[in-house]
Amino acid sequence: MTNTTPKRIERVPFTGDEKSTLLASLNQHRDIALWKLDGLDDEQLRRPLTPTGTNLLGLVKHLAAIEYGWFCETFGYGTEKLWFAPEDDMVLSPDETTAQIVELYGRARAASDRVVAELDLDHLGTSWDGTTVSLRWVLVHMIEDTVRHTGHMDIVRELIDGATGDYRTTWD
């Protein structure tokens with residue numbers, strides 16, 4: 001069984017500055033993605049429950065890839081060499097393990113957090129399609145994308161065992 005939930009969940013500050021508020025919001029939803037894996041076995045994590053094959057572990061793999069892409073590549077920071085093609089970021093091969101995917105997500109989050117810590121919100125980078133974007137825009141976009149995918153994960157998890165919601169832990 002998988003156990004990935006942090007002991008304490010970071011609360012978005014009610015009066016924090018813009019950067020810490022955006023990052024705390026992203027962290028909440030990152031942690032929700034990991035909670036969706038909690039207590040499930042490998043077969044359940046890989047089980048496709050939509051006609052397109054959406055499964056919980058594939059969504060975490062995708063979240064890891066887009067963290068590296070939007071934060072690190074956009075702003076010229078190095079990333080680890082991924083073993084899969086960008087178009088396969090939601091596809092699981094038989095030799096990929098749950099631990100491997102969860103650890104990849106952890107490394108991608110840490111790399112993204114370093115970018116956020118080192119740059120100002122107005123710092124500009126170039127996205128994968130050549131668009132100039134600010135760090136502020138990337139943070140908002142990643143919150144949106146992570147929330148969207150954790151919504152998918154909520155539905156998939158409910159179909160597996162009926163579990164829904166954000167957390168089974170307490171706030172900091």
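## Nonpolar core

The largest nonpolar core of this predicted model has 42 residues, and those with the most contacts inside it are Leu37, Leu56, Phe71, Leu135 and Leu139; such a core is a set of buried Ala, Val, Leu, Ile, Met, Phe, Trp, Tyr and Cys residues joined through side-chain atoms within 4.5 Å. Helices H1, H3, H4 and H5 each supply at least two residues of this core, and H3 gives the most, with 12 residues. Buried is used here for a relative accessible area under 20%, exposed for over 50%, and partly exposed for what lies in between (1.4 Å probe, protein chains only). Helices (H or I, at least four residues) are DSSP runs, numbered from the N terminus.

Leu56, once its neighbours within four places in sequence are left aside, is in contact with Lys36, Leu37, Leu40, Leu45, Met153, Val156, Arg157 and Ile160, where contact means heavy atoms within 4.5 Å.

## Helix H4

Helix H4, residues 98–118, has 21 residues and reaches 31 Å from its first C-alpha to its last, close to the 30 Å expected at 1.5 Å a residue; the expected span is 1.5 Å times one less than the number of residues. Its buried residues include Thr98, Ile101, Leu104, Tyr105, Ala108, Arg109 and Val116, and what covers the buried residues of H4 includes helix H1 (18–35), helix H2 (42–46), helix H3 (56–73) and helix H5 (135–161).

## Aromatic pairs

The count comes to 2 aromatic pairs, under a rule by which rings of Phe, Tyr and Trp (its six-membered ring) pair if their centres lie within 6.5 Å, with planes under 30 degrees apart counted as stacked, over 60 as edge-to-face and the rest as tilted. Trp70 and Trp137 form a tilted pair, 5.3 Å centre to centre with 55° between the planes, and this pair links distant parts of the chain, with Trp70 in helix H3 and Trp137 in helix H5, 67 residues apart. Trp70 is buried, at a relative accessible area of 12%, whereas Trp137 is partly exposed, at 39%.

The rings of Trp83 and Phe84 have their centres 5.2 Å apart and their planes at 85°, so this pair is edge-to-face. Trp83 counts as partly exposed at 37% relative accessibility, and Phe84 as buried at 12%.

## Charges over rings

Lys61 lies over the face of Phe84, at 4.3 Å from the ring centre, and the charged end of Arg109 sits over the ring of Tyr105, 5.7 Å from its centre. A charge sits over a ring if NZ of Lys or CZ of Arg is within 6 Å of the ring centre and within 35 degrees of the ring normal.

## Basis of the values

Residues are numbered from 1 along each chain as its sequence is written, and side-chain values use heavy atoms, with hydrogens and water left out. As the model is predicted, local features need pLDDT of at least 70 and side-chain atom pairs count only at pLDDT 80 or more, while totals for chains, interfaces and linings use all residues.
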